[in-house]
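Trainee: I would like to go through this model and ask what stands behind the words used for it.
Mentor: Go ahead.

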Amino acid sequence: MKNINTNRGPLLICLSLSLILSTKAPQKQKSHVFTTVFAVMWVGSLVVTVNAQLLGATMSIFQSLCVLGYCVFPLTVSALVIAILRFTW
């Protein structure tokens, strides 16, 4: 049950970044942008997990997703700030 609680933060960060970037995309590309951002996060965590396991670490994909999710947090904040500034200026 502890993994579910710790994975909510990175999931919300990934969803937030996907939503913020897809709202600024052209109308025909909104779903593609959302899907691409979300898929890149999952594929990236899978690649990091496989690489870590090949190097001898005992790491699950959810641990990797947590690390990458929190690493993407500054990008999410900056995307939100830029979206707000473009809306207000």
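**Contacts, core and burial**

Mentor: Keep in mind that this is a predicted model. Start with Cys14: beyond residues up to four places away in sequence, Cys14 touches Phe38 and Met41.

Trainee: Which residues make up the largest nonpolar core?
Mentor: There are eight: Cys14, Leu17, Ile20, Val37, Met41, Val72, Ala79 and Ala83. Two or more residues each come from helix 1 (2-23), helix 2 (30-54) and helix 4 (73-88). Helix 1 gives the largest share, three residues.

Trainee: Why is Thr49 called buried?
Mentor: The relative accessible area of Thr49 is 5%. Buried means under 20%, so Thr49 is buried.

Trainee: Where is Thr49 found, and what is it in contact with?
Mentor: Thr49 is in helix 2. Leaving aside neighbours within four places in sequence, Thr49 is in contact with Met59, Ser60, Ile61 and Ser64.

Trainee: What makes the link between the side chains of Thr49 and Ser64 a polar contact?
Mentor: The distance is 3.4 Å. A polar contact needs N or O atoms within 3.5 Å, so this pair meets the distance cut-off.

Trainee: How do you know that the span of helix 4 agrees with its number of residues?
Mentor: At 1.5 Å a residue, its 16 residues should span 22 Å, and the end C-alpha atoms are 23 Å apart, which agrees.

Trainee: Which residues of helix 4 are buried?
Mentor: Thr76, Ala79 and Ala83 are buried. They cover an arc of only 65° around the axis, so they lie on the same side of helix 4. The face turned away from that buried side carries the exposed residues Pro74 and Thr88.

How values were computed: Residues numbered from 1 in each chain as written. Predicted model: local features only at pLDDT ≥ 70, side-chain atom pairs only at ≥ 80, totals over all residues. Heavy atoms only, no water. Core = buried A, V, L, I, M, F, W, Y, C linked by side-chain atoms within 4.5 Å. Buried < 20%, exposed > 50% of the residue type's maximum accessible area, 1.4 Å probe, protein only. Helix = DSSP H or I, 4+ residues; strand = E, 2+ residues; numbered from the N terminus. Contact = heavy atoms within 4.5 Å. Expected span 1.5 Å × (residues − 1). Arc of directions from axis to C-beta. Polar contact = N/O pair within 3.5 Å; in protein donor to acceptor, adjacent residues only side chain to side chain.
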